[in-house]
Amino acid sequence: MVFRWQRMLSVSLVAALSLSLAACAGNNNGGNEPANNGGNSGGNAGAEANAGSGEAASNANVDETGWDGKKYAEPVTLTTVKGVGTNYYFKSGETMENNVLQKYMKDNLGIDVKYDWIVTDTNDAYKTKLRLMLSSGEKMPDVITYRGDMETVNMLIDSGQFMDVGELFDKYAGEAYKTGVALNPDTWLPVTRDGQRMALPVLDYAYNDDMLLWLRQDWMDKLGLQAPKTVADFEAIMDAFVNKDPDGNGKSDTIGLATGFKNTYLGWMSDISWLFGAYGTLPGQWNKGADGALSYGSVDPAAKQALSTLKTWMDKGYISKDSGIKDEVSGSELFTKGQAGAIVGRNWLPDWPFGDLLNNVPGAKYKGYPLPAGPDGKIGAQSGNPSVNGWMLINKDAKNPEALLRYYNFFFENWANPQAGSEFENGFAEGYDWAKLPDGTITKDPAKDPDLFPDYADRTHLVEPIYYSLTFEGARIPSLYADTMIKLASGGTPETPYEKQTAGVRKPENIEAMKIVLDQKDIRMKNYFQGPLTETMKQKNELLNKLINQAYSKIIYGQSPIDEFDTMVANWKKSGGDQITTEVNEWFQSASGK
Amino acid sequence: MGMSTTTEALTPVRSGVKAKAGSFLRRTWPLHLMLLPAVILQFLFGYLPLGGLVIAFKDFKPYDGIWGSKWVGLEHFKFMFEYPDSKQVIINTALIAGFKIVCSIIVPFVFALLLNEVRRSSVKRTVQTLVYLPYFISWVFLGGILNDMLASDGIVNSVLKSWFGLEPILFLGDGTWFRIVVVVSDVWQQFGFGTIVYLAALAGVNPSLYEAAEVDGATRWQQTLHVTIPSLAPIVIVVGTLALGNILNAGFDQIFNLYNPLVYDKGDIIDTFVYRTGILNGQYSFGTAVGIFKSVVGFVLIVIGYRIAYKLADYKIF
């Protein structure tokens, strides 16, 4: 009898094993199938709001898509994929697939967003996963939202799986969205193919990506330094930071500017491209010359001057010896560790990462300054597409492509600039991104009032459900942010909920910085090439980028003489650079001529 | 006890060759069944994707699919050999991988010999576990740690400065130092694993050989020289032969987490190069072509190495 049992056991073991393997495989293939969130009880905010607006949908108003003006009579599903940012925080028990916003949109608009897969978006994981999806020819979800490099967007468009959204936009986009898009005549340029608009822009606050100079104000005051007007002034400041022991620890362990150009000389933080701008070019992008033709900034003669200045900065210790092996974030750590006294970045740096500086160096003070001018009085800084921050593509086979626009419209109308007394006046949901104190005032500080923000252990950050939205931050009206900041900076009283919130949340240094950015908005140098990769770029980009980055680094580190620049440029031109320049100008002619 | 009952019970008393073959299967089918998931997985993830190699000979466009893409013959291979950087990248790869292979044979071998002489088994085991630990740490972490340690104001340079008065060395910004760092850190990470292999082999050496040597008056050193090392030779040759196949694998995750434009000329390897062209610039076909090239070179080297091993050590793996 014993043997039978053993045999039975081994067989059932095998069976169990293969079953569980199959289950694993199934899970992997199916991605993260959303848990049945519909059946969950207690969708607090959603349920309440639903009860409030409890009018029965009259069938007369329902259009051919099943929309009654406020809601889909029969809920529709939008499938998508998601890269979860590091600034997304969740209450315990909530996930990307099951949260207060997801429920709200399902209950109130009848739009159920489901995820084919979700990935934590560190080290470009989302981009990599999208590209792998493309390379394996996987079926795309209804909607893909992407924020990042244009190349990935172009690859998605070229996959041929997405639709021309032009008609949808004209028909379904709300007023606010249309006005925002119209602010910039070039908005559609990057995604236009044969006159067809292939992706919807995600709008963002204009001028939010513009650069300014941040200095350690406590060091400036201690050493009695004045605001730098020119690069020469700035060099004097850096010299003082390096040699006059601004942190007062008796050691020469401080440097001037925090920067990191391991990946690019056109960084989004710890930026160094502004120094090239001071000589009249910007590296890594296509600038427009006096003759109207586009040329690549990295091989411009002005870049040579910038490099030779950078080399002297490295020799004198103004920038870290490790700048060439640091990226934007690790470069910024030089500043937030209290080692460097300057960094070039965007107006919102006080929100992140300057919080780390205050943790590491108690009592540190920082202040924004205009970017200094070069020897000929030139100032130049990068600017993104002024009001676009991301793109949304809709699958050709999507059943309800217009649902995305309705989703976005909803946030434009109710969230982007809410009226006093309206639903989202204080934030998305009580107990998440806001709470009411007993005396009726609104708080957004979970560290101070932990009881008002239940089910949430991490007290240092606010849970902001709006980030869970398909459209990144719900919706943003491009001009609103800058207008409000200017109003606040010039002493205006905040009136609308948005203005009050901004005044409450934004640090004074941030508001001041935005004013500097707008005062200096003429220094913006646009990247004029917004098209898909050209044929030669596809083949030669790797080689050409390597040529440039290697020569740049070696010149700055003194491993090659400065004249290596000319050799590199000659090499660049004959290895395909000339060809690419022609192609880029052809694109520009055809795109702007139309 | 249970085992013997099973075997007995599962062996039916029958005669004849045919019946024997049949009974063998009947006896062992649960074992075969247990093997099945592994076979299926291997087929699904090991063999089926091999079909994708065909894109190396096509101009692969993801949306056209593997079959819809145009044939281009050997175009991508031609492009690879005409690419100006190819030679340098291949040399870098072979050099770095070569040094890694040699060091990853010698270091664990010597270390295992030394560890084997340690009398106290608690010390032996602790050391063995400690050196094995780094094997489990991902290069993403190790890369970050090394970046900090080797920075111009990092711990290594601080020590060099305060003890020897040396100027800071840019370990990760200088091609030659970069190669050294890559090889040394790789050996440090990997040698615990190799040590275990050799220790296992050492445990298998026939004790009577040592006894005989002792009777003949051999010293400890002579025993090592004439008993231990010859006994380990076959396993060294096997490990070396198999490692030859990796001559063009210099370790993507390690280099990727450590390199930067300053060391492109001496540190850029085939895999990082393929990553930049293949994934970042979407040249999937080209990436696959390079992959095939690597595999073919690796395969040829293994075959040659195997032949040599057979001749020298009379060792057969297959």
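In this predicted model, A:Pro353 is found in the loop of chain A that runs between strand E11 (340–346) and helix H13 (354–360). The peptide bond that joins A:Trp352 and A:Pro353 is cis, with an omega of about 5 degrees.

A:Asp194 has a positive phi of about 50 degrees although it is not a glycine, and its place is in the loop between strand E4 (192–193) and strand E5 (196–197) of chain A. Is A:Asp194 buried or exposed? With a relative accessible area of 81%, A:Asp194 is exposed, because a residue counts as exposed over 50%.

A:Phe472, which is not a glycine either, has a positive phi of about 70 degrees, and it lies in the loop between strand E16 (442–443) and helix H15 (478–489) of chain A. The relative accessibility of A:Phe472 is 11%, and A:Phe472 therefore counts as buried, since the limit for that word is under 20%.

We can now turn to the domains. The domain assignment of chain A gives domain 1 (11–208 + 387–414), domain 2 (211–382) and domain 3 (533–594), while the assignment of chain B gives domain 1 (2–53) and domain 2 (75–313). In chain B, the centres of domain 1 and domain 2, taken over C-alpha atoms, are separated by 38 Å. In chain A, the C-alpha centres of domain 2 and domain 3 lie 25 Å apart, and the contact takes 27 residues from domain 2 of chain A and 22 residues from domain 3 of chain A.

On the side of domain 2 of chain A that touches domain 3 of chain A, strand E9 (286–288), strand E10 (294–296) and helix H11 (301–315) each supply at least two residues, and H11(A) gives the most, with 8 residues. The residues of this side of domain 2 of chain A divide into 15 nonpolar, 6 polar and 6 charged.

The two chains also meet, and here 34 residues of chain A are in contact with 41 residues of chain B. One of the salt bridges between the chains joins the side chains of A:Glu542 and B:Arg276, at 2.5 Å from N to O. On the side of chain A that touches chain B, helix H1 (2–30), helix H4 (125–135), helix H5 (150–158) and helix H18 (535–556) each supply at least two residues, and H18(A) gives the most, with 10 residues. The residues of this side of chain A divide into 9 nonpolar, 14 polar and 11 charged.

The size of an interface is often given as the accessible area lost when the parts come together.

| Interface | Buried area | Share from carbon and sulfur atoms | Salt bridges | Residue pairs in polar contact (both at pLDDT 80 or more) |
|---|---|---|---|---|
| Chain A and chain B | about 3600 Å² | 61% | 4 salt bridges | 11 residue pairs |
| Domain 2 of chain A and domain 3 of chain A | about 1900 Å² | 71% | 2 salt bridges | 7 residue pairs |

Conventions:
Residues are numbered from 1 along each chain as its sequence is written. Chains are lettered from A and ligands numbered from 1 in the order in which they are written. Side-chain values use heavy atoms; hydrogens and water are left out. Contact means heavy atoms within 4.5 Å. Buried area is the accessible area (1.4 Å probe) that two parts lose on being put together, summed over both. A polar contact is a pair of N or O atoms within 3.5 Å; within protein, one must be able to donate a hydrogen and the other to accept it, and residues adjacent in sequence count only if both atoms are side-chain atoms. Helices (H or I, at least four residues) and strands (E, at least two) are DSSP runs, numbered from the N terminus. Ala, Val, Leu, Ile, Met, Phe, Trp, Tyr, Cys and Pro count as nonpolar, Asp, Glu, Lys and Arg as charged, and the others, Gly among them, as polar. Buried means under 20% relative accessible area, exposed over 50%, partly exposed in between (1.4 Å probe, protein chains only). Domain bounds come from an automatic or database domain assignment.
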